[in-house]
Amino acid sequence: DGSQIELNTDTRLRILITPNQRKVWLDKGEAYFQVHHELNRAFVVQSNAERILDLGTKFTVRRDAKGLQVGVVEGRVQFETAAAGVARKISLSAGDVAVSTSGSIAMAKKPMAELIKDLCWRNGVLIFENVTLAEAAAEFNRYNAEKVVVVGKDVEHLTIGGKFAQSDVPAFAELAQHVLGLRVEDRGGVTVISR
């Protein structure tokens, strides 16, 4: 139908296209949608109790252990949830981000530059701005067989910033060692960062 879907790493998605509907189930992971709008055939993304109805747009959907996040880059979507038995429906337009966790929805407006930064995975890049070391390690672990383990609550909560190639675990480890003064050990496929 002219629509495009880009999948991030560790993503599972199913599609059903019929003459009357276009339905996508995002079981886990993250996808970027560029939808060709058809007036008589809806494009719907379903993920657990959440449903995103395209109204002619470009948007991203991410399902992880924390919940579901929807960010609209262009156009509009209708975001519906029936989580925790409570039905809610909100309209999102360019720059809007909605996060659904445990039956509640939080909505925020993001600058377009920040939304585009969130999509840098499409170009093999990770950009961190004031994120914890544990969150950054988790992102690297999504993309690499070599894992990063951060040891110690005080170390996990240290914040960092930087731009990295998704596969450049050594550069991330070097930042932890030389900028944050942390200990870095290579344990054969596992990089351990600690005090």
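Residue numbers start from 1 along each chain as its sequence is written. Since the model is predicted, local features need pLDDT of at least 70 and side-chain atom pairs count only at pLDDT 80 or more, while totals for chains, interfaces and linings use all residues, and side-chain values use heavy atoms, with hydrogens and water left out.

Is K163 buried or exposed? I found K163 exposed, at 63% relative accessibility. My cut-offs are under 20% relative accessible area for buried, over 50% for exposed and partly exposed in between, with a 1.4 Å probe and protein chains only. Leaving aside neighbours within four places in sequence, K163 is in contact (heavy atoms within 4.5 Å) with V125, L126 and I127. I also noted that the C-alpha atoms of K163 and I127 are 4.4 Å apart, although 36 residues separate the two in sequence.

**Aromatic pairs**

Next I looked at rings. A pair of aromatic rings is described by the distance of the centres and the angle of the planes. The rule takes rings of Phe, Tyr and Trp (its six-membered ring) with centres within 6.5 Å; planes under 30 degrees apart are stacked, over 60 edge-to-face and the rest tilted. My count by this rule is seven aromatic pairs.

F140 is in helix α2 (residues 133-143) and F164 in strand β12 (residues 159-165), which makes a link between distant parts of the chain, 24 residues apart. F140 is buried at 0%, and F164 is buried at 8%. Ring pairs also join F128, F140, F164 and F172 into a cluster.

In α2 I listed L133, A136, A137, E139, F140 and Y143 as buried. They span an arc of only 160° around the axis, which puts them on the same side of α2; the arc is that of the directions from the helix axis to the C-beta atoms.

Helix α4 (residues 169-178) has V169, F172, A173, L175 and A176 buried. Their arc is only 155°, so they are on the same side of α4. P170, E174 and H178 are exposed on the other side of α4. What covers the buried residues of α4? The cover includes α2, β11 (147-150), β12, β13 (183-186) and β14.

I followed β14 (residues 190-194) to T191, which is buried at 5% relative accessible area. Beyond its neighbours within four places in sequence, T191 has contacts that include V169 and A173, along with E146, V148 and V184.

**The largest pocket**

I put its volume at about 850 Å³. On a 1 Å grid over the protein atoms alone, a pocket is an open set of points with protein on both sides within 12 Å along at least five of seven lines, and lining residues have an atom within 4 Å of a point. Grid points are joined across faces, edges and corners, and the volume is the space filled by probe spheres set on the points.

Which residues of the lining are closest to the centre? They are R62, K66, Q69, D118 and E139, out of 29 lining residues. β10 gives the most to the lining, with six residues. I sorted the lining into 13 nonpolar, four polar and twelve charged residues, where Ala, Val, Leu, Ile, Met, Phe, Trp, Tyr, Cys and Pro count as nonpolar, Asp, Glu, Lys and Arg as charged, and the others, Gly among them, as polar.

**Positive phi**

Last, I looked at backbone angles. Most residues other than glycine have a negative phi. D10 has a positive phi of about 50°, in the loop between β1 (4-7) and β2 (12-17). N48 has a phi near 55° and sits in the loop between β4 and β5 (50-64); N48 is exposed, at 59%.

Technical notes:
Helix = DSSP H or I, 4+ residues; strand = E, 2+ residues; numbered from the N terminus. 1 Å grid on protein atoms, 1.4 Å probe; cavity = no way out; pocket = protein on both sides within 12 Å on 5 of 7 lines; lining within 4 Å.
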